[in-house]
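Q: I am new to this structure and would like to learn how to read it. Could you walk me through some of its features?

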Amino acid sequence: MEHRIVGPGPYRATKLWNETVELFRARMPLRKHRCRFKSYEHCFTAAEAVDWLHELLRCSQNFGPEVTRKQTVQLLKKFLKNHVIEDVKGKWGQEDFEDNRHLYRFPPSSPLKPYPKKPPYQKDVIKFPEWNDPPAGTSQENIPVRPVVMNSEMWYKRHSIAIGEVPACRLVHRRQLTEANIEEIWKSMTLSYLQKILGLDSLEEVLDTKLVNSKFIIHNVYSVSKQGVVILDDKSKELPHWALSAMKCLANWPNCSDLKQPMYLGFEKDVFKTIADYYGHLKEPLLTFHLFDAFVSVLGLLQKEKMAIEAFQICCLLLPPENRRKLQLLMRMMARICLNKEMPPLCDGVGTRTLLVQTFSHCILCSKDEVDLDELLAARLVTFLMDNYQEILKVPLALQTSIEDRVAHLRRVQFQKSYPEVYQERFPTPESEALLFPVKPKPQLLMWALRRPFQPFQRTRSFRM
């Protein structure tokens, strides 16, 4: 009962669905059952299907051991809706699947999902300014010139230029690396790093690059606090004060310094429900709709933990700053709650870690269009985030250094082409250094230096008298 690992790439959610359907149809045990004095061949009960599929999902590296029985029931409901299974009377689609003794069977053929056809995204070619071309609307003929009084000295200068003794002066346009150029460099190099980590030939079917905002990337890198949390310029996009106070209360439980009202039995459950209601009513998940395929694709790298963390770091840089800040605060709270041994159970019958994953996975990752495995994929991602949130929500230092070096190099090239003489003086080439600092010839060794080293004086018989 092995589940093939589906790596990163486009349509990963669809591939996982088809893979799960094929395994379920091929290996689910079938036998004879009786119901209401009638026998049915090659069928199974709902409870048997839940048991078998739950074990399959838990053992799969694509989903992991965090999959709950409730999530398995939800997946089987989608199987029934999409005619992967049907009841023994041939009904499907409108029937509700429950974890009981109701009988089901496989139809003659279970339809696999086709890969969605998305319009191809056009590649944005970044064009850097040509330093030799003057800006548009400027020419040598339109340069305003102050009237000059002709005298003998001025006549001599003009005559020298005319006969070629003195080169004519020309206007040199200083071309600077604009803010727009720098933003495009950040965007292109960030996406290039992500594509390299995922091992894809193109990001077109995973990410619409037109929706990537370079200003978000730069803000998420530089506008951060000492703790690494994003600082927002627009304070209207901050978390409401009551929501932030509630999160601090649970993160620091039982030391709730922000709350002045007295606590009562079950107070922590009401605070948790308040936080869950706020995040549950967000208009868009924190990881945004248009980045859904990118994050699902990165999930294919979880077997290579270091690479997965690097890919998640880059994907999280693409988030709007307000989303990144809310995600950072939420993950810090969830991690502290899981590690807090003094925290009482927040829900009867459900472990705290499982409750946190089930409660917040949908508000962190979900698709705008219906994706049948989005709940399992979101739970898998949130579990990995909780275990590695400190690394994932840090700025990737290697990427930042590489981009800053690239920008500094382009500025040096700009300065060199605008002022070659000044650049040559400040940054001499090896040839010019050789002229300024000629290499001194090495002193030649004398012949006597190659002979045997000097021996200490020894007395001989001729000195004995």
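Q: Where is Ser297 found?
A: In this predicted model, Ser297 is found in helix 9.

Q: Is Ser297 buried or exposed?
A: The general idea is to look at relative accessible area and call a residue buried when the value is under 20%. Ser297 has a relative accessible area of 1%, so Ser297 is buried.

Q: Which residues does Ser297 touch, not counting those up to four places away in sequence?
A: Ser297 touches Pro8, Gly9, Arg12, Leu198 and Val206.

Q: Let us turn to the nonpolar core. How many residues does the largest nonpolar core have?
A: A core of this kind is a set of buried residues such as Leu, Ile and Phe, joined through side-chain atoms within 4.5 Å. Here the largest one has 115 residues. Phe24, Phe79, Ile85, Tyr279, Phe295, Phe360 and Ile364 have the most contacts inside this core. Helix 13 (residues 374–392) supplies the largest share of the core, 11 residues.

Q: Which residues is Phe295 in contact with, leaving aside its neighbours within four places in sequence?
A: Phe295 is in contact with Leu287, Phe312, Cys315, Cys316, Leu319, Leu365 and Leu381.

Q: Now to the strands. How many bridges join strand 1 to strand 2?
A: To read strand pairing, look for the bridges and then for the direction of the strands. Three bridges join strand 1 (residues 31–34) to strand 2, and the two run antiparallel. Arg34 has Ser39 in strand 2 as its bridge partner. These two strands form a hairpin with four residues between them. In the turn sits Arg36, with a positive phi of about 55°.

Q: What does strand 2 do with strand 4?
A: Strand 2 also pairs with strand 4 (residues 103–105), in the antiparallel sense and over two bridges. Within that pairing, Phe44 has Tyr104 in strand 4 as its bridge partner.

Q: Backbone angles next, please. What is the phi of His42?
A: His42 has a positive phi of about 50° although His42 is not a glycine. His42 is placed in strand 2 (residues 39–45). With 56% relative accessibility, His42 counts as exposed.

Q: Is Thr288 buried or exposed?
A: Thr288 counts as buried because its relative accessibility is 2%. Its phi is near 65°, a positive value in a residue other than glycine. Thr288 lies in the loop between helix 8 and helix 9 (292–298).

Q: Which residues does a cis peptide bond join?
A: Here the angle to read is omega. A cis peptide bond joins Trp253 and Pro254, with omega about 5°. Pro254 lies in the loop between helix 7 (241–251) and helix 8 (267–280).

Q: On to charged side chains. How many salt bridges does a search of the whole structure find?
A: To spot one, look for a side-chain nitrogen of Lys or Arg within 4 Å of a carboxyl oxygen of Asp or Glu. A search of the whole structure finds 14 salt bridges. In one of them, the side chains of Asp51 and Arg69 meet at 2.7 Å, N to O. Asp51 lies in helix 2 (residues 46–59) and Arg69 in helix 3 (residues 69–81), so this pair ties together parts that are 18 residues apart in sequence. Asp51 counts as partly exposed at 43% relative accessibility, and Arg69 counts as partly exposed at 32%. Asp51, Arg69 and Asp99 are linked in a network of salt bridges.

Q: What does Lys215 form with Glu183?
A: Lys215 forms a salt bridge with Glu183, and their closest N and O atoms are 3.0 Å apart. Because Lys215 lies in helix 6 (residues 214–222) and Glu183 in helix 5 (residues 179–198), the pair ties together parts that are 32 residues apart in sequence. Glu183 is buried, with a relative accessible area of 11%.

Q: Which residue forms a salt bridge with Lys237?
A: Glu322 does, with the closest N and O atoms 3.9 Å apart. This pair links distant parts of the chain, 85 residues apart: Glu322 is in helix 11 (residues 321–339), and Lys237 is in the loop between helix 6 and helix 7. Glu322 counts as buried at 18% relative accessibility, whereas Lys237 is partly exposed, with a relative accessible area of 41%.

Notes. Residues are numbered from 1 along each chain as its sequence is written. This is a predicted model: local features need pLDDT of at least 70, side-chain atom pairs count only at pLDDT 80 or more; totals for chains, interfaces and linings use all residues. Side-chain values use heavy atoms; hydrogens and water are left out. Buried means under 20% relative accessible area, exposed over 50%, partly exposed in between (1.4 Å probe, protein chains only). Two strands pair if DSSP finds at least two bridges between them. Contact means heavy atoms within 4.5 Å.
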